[in-house]
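Please keep the sequence at hand and find each residue as it is named.

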Amino acid sequence: MHLPDYKEARTRDKREYKRVEYSFSDDIKNKYIGKKFHLKTYGCQMNEHDSENIEALLIALGFSKVDDYLDADLVLLNTCSIRENAHNKAFGMLGRLKHRKQEKKDLIVGLCGCMAQEASVVEEIMRDYKFVNFVFGTHNMYQLPEIIDRAIEENKQQIEVYSREGDLVEGLPVVRANNYKAYVNIIYGCNKFCTYCIVPYTRGMERSREKEDILKEVDELIKDGYKEITLLGQNVNAYGKDLYDDYTLGDLLEEIALKDIPRVRFMTSHPWDFTDRMIEVIGKYKNIMPSVHLPVQSGSSRILKLMGRRYTKESYLELFNKIKEVVPGVSISTDIIVGFPGETEEDFLETLDLVNKCKYDNAFTFIFSKREGTPACKLDDPVSLKEKEERLQRLNEVVNKYFLENNKKLEGKVVPVLVEGVSDKKNMYFGYSDTNKLINFESDREIEVGSIVNVEITSAKTWSLDGREVK
Ligand code: SAH
Ligand code: SF4
Ligand code: F3S
């Protein structure tokens, strides 16, 4: 048994892990043929991509996938700890599974992902959720086949969570959710330790994958006909720093852009590490999509300091304007937290002012959520939840206004759209533009999902745009 511990998870040292090639143990290959699994994923793209590996490992064990957990012999929750509601959702599901297990005694239940890295969650599971068969963390996902096998063979709860990152495992099998757009991890972990955030504890220190491994994966995706690649990391801008003397995200983006891939995206970028070289590369290559997610969190320099974000309102605006200048037609989206401990009405008005200056194309807005073990958890927090909810509502009104305003500017314009699906109505399709906007459009021909077509925008809404295909 291995239990998580935040003190250990905080440790950052020199690169001491090694790159290892994954191999699936032959003894258990296809051992569970005929059994069915249901995998439920919460949280960010990182978790979604991890689930693509988890699914492949389960399939190698012999399991087949079902969409309804009531049909499954094994239910696995890949969890997220970013805010309390993500946490509550997973525990709500565990409650339903407890009930289900009374009907189906041999049901196997497991929990993994970021919540598994939290000591308090694991303690709660050991105390109140004894029916959970196994728990493993983000650092030992690759051990899933052995852990599940042991949980079944020994019929005893298996808790295997490592607080520190281990080897950097390459060559895990993967079942991609999509066959025209793909996620590619470039860096794991986060060293920023923003004071409100749990991710550096649940995902460990920054570890870049070797560029050869990334480029090889990209080449394989191109060979398989993929149209869009999203480079993933909690902070992709830090790519290469732990590994190379002078090879950065700008260099990696450029090398990938020179390949025959129509669309390259990357996320997420912390404003602090955003270099001129990156901006130059994004502006230079047509296949690097003009769309940047640039989380600001707050418009108050005082709050930004308390958050440990390492930039001020002014330096953020400078970066924002530089990106807008160098990358033609770029859309910029953001994340904003309201109600950080001690945020005053004046601080909040600074955030509104910043939003009025940046006029974001998209924004994800949240109320601060206390995460146990993070520094912000200990700060005085006198503002009531009701007031924070009002601030969120006021913020949302302003951000929504700009979504519509920006979308309106596209009316009459022709934009490239990667087609993702057909809607119920005849001849209607949907997909995403280069600037990452949802486009619903009509066409008089049959279009294959995964193709890129030109669409003239006929009408703009807050969350999407309507259009028709033009040749
Ligand atoms: N690595 C990304 C963030 C990943 S988490 C980055 O730094 O940009 C996604 C978003 O969740 C964050 O940008 C932040 O806005 C929000 N978030 C993180 N911790 C939070 C907390 N404790 N309460 C509320 N929102 C939080
Ligand atoms: Fe969390 Fe900050 Fe790291 Fe993003 S950069 S994952 S917000 S600590
Ligand atoms: Fe959640 Fe972990 Fe992602 S906490 S947001 S799943 S890195």
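This is a predicted model: local features need pLDDT of at least 70, side-chain atom pairs count only at pLDDT 80 or more; totals for chains, interfaces and linings use all residues.

1. Two packed helices are described by the angle between their axes and the distance between the axes.

2. Helix α3 (residues 84-103) and helix α4 (residues 119-128) have axes that come within 13 Å and cross at roughly 15°. Angles under 35 degrees count as roughly parallel, and α3 is therefore roughly parallel to α4. The crossing of these two helices, α3 and α4, is right-handed. On the α3 side the contact is made by H87, F91, L94 and K98, and on the α4 side by V121, E124, I125 and D128. Sorted by class, the contact of α3 with α4 has four nonpolar residues, one polar residue and three charged residues.

3. Which residues make the contact between α9 and α11? For this pair, helix α9 (residues 276-284) and helix α11 (residues 313-326), the axes come within 9 Å and cross at roughly 30°, so that α9 is roughly parallel to α11. The crossing in which α9 passes α11 is right-handed. The contact is made by D276, I279, E280 and G283 from α9, together with L319, K322, I323 and V326 from α11. By class, the contact of α9 with α11 has four nonpolar, one polar and three charged residues.

4. Helix α11 also packs with helix α12 (residues 345-358), and their axes come within 11 Å and cross at roughly 15°. The helices α11 and α12 are therefore roughly parallel to each other, and α11 passes α12 in a right-handed crossing. Here K313, Y316, L317 and F320 of α11 meet E350, D353, L354, K357 and C358 of α12. The residues of the contact of α11 with α12 divide into five nonpolar and four charged, with no polar residue.

5. Turning to the ligands, what surrounds ligand 3? Its neighbours are C44, N47, C80, S81, I82, C114, R203 and Q234, and by class this shell around ligand 3 has four nonpolar, three polar and one charged residues.

6. Ligand 2 is surrounded by C190, K192, F193, C194, Y196, C197, V199, P200, Q234, H270 and R309. The shell around ligand 2 has seven nonpolar, two polar and two charged residues by class.

7. Two details of the backbone deserve a careful look. In the chain, F193 is found in the loop between β10 (187-188) and α6 (199-203).

8. The other detail is the peptide bond that joins M267 and T268, which is cis, with omega about 5°. T268 is found in the loop between β13 (263-267) and α9, and α9 is the helix whose axis comes within 9 Å of the axis of α11.

Conventions:
Residues are numbered from 1 along each chain as its sequence is written. Chains are lettered from A and ligands numbered from 1 in the order in which they are written. Side-chain values use heavy atoms; hydrogens and water are left out. A residue is near a molecule or strand if one of its heavy atoms lies within 4 Å of it. Ala, Val, Leu, Ile, Met, Phe, Trp, Tyr, Cys and Pro count as nonpolar, Asp, Glu, Lys and Arg as charged, and the others, Gly among them, as polar. Axes are lines fitted to C-alpha atoms, for helices over the stretch in contact, and angles run from 0 to 180 degrees between N-to-C directions. Helices (H or I, at least four residues) and strands (E, at least two) are DSSP runs, numbered from the N terminus. Angles under 35 degrees count as roughly parallel, over 145 as roughly antiparallel, 65 to 115 as roughly perpendicular and the rest as oblique. A crossing is left-handed if the near helix is turned anticlockwise from the far one by less than a right angle, and right-handed if clockwise. Contact means heavy atoms within 4.5 Å.
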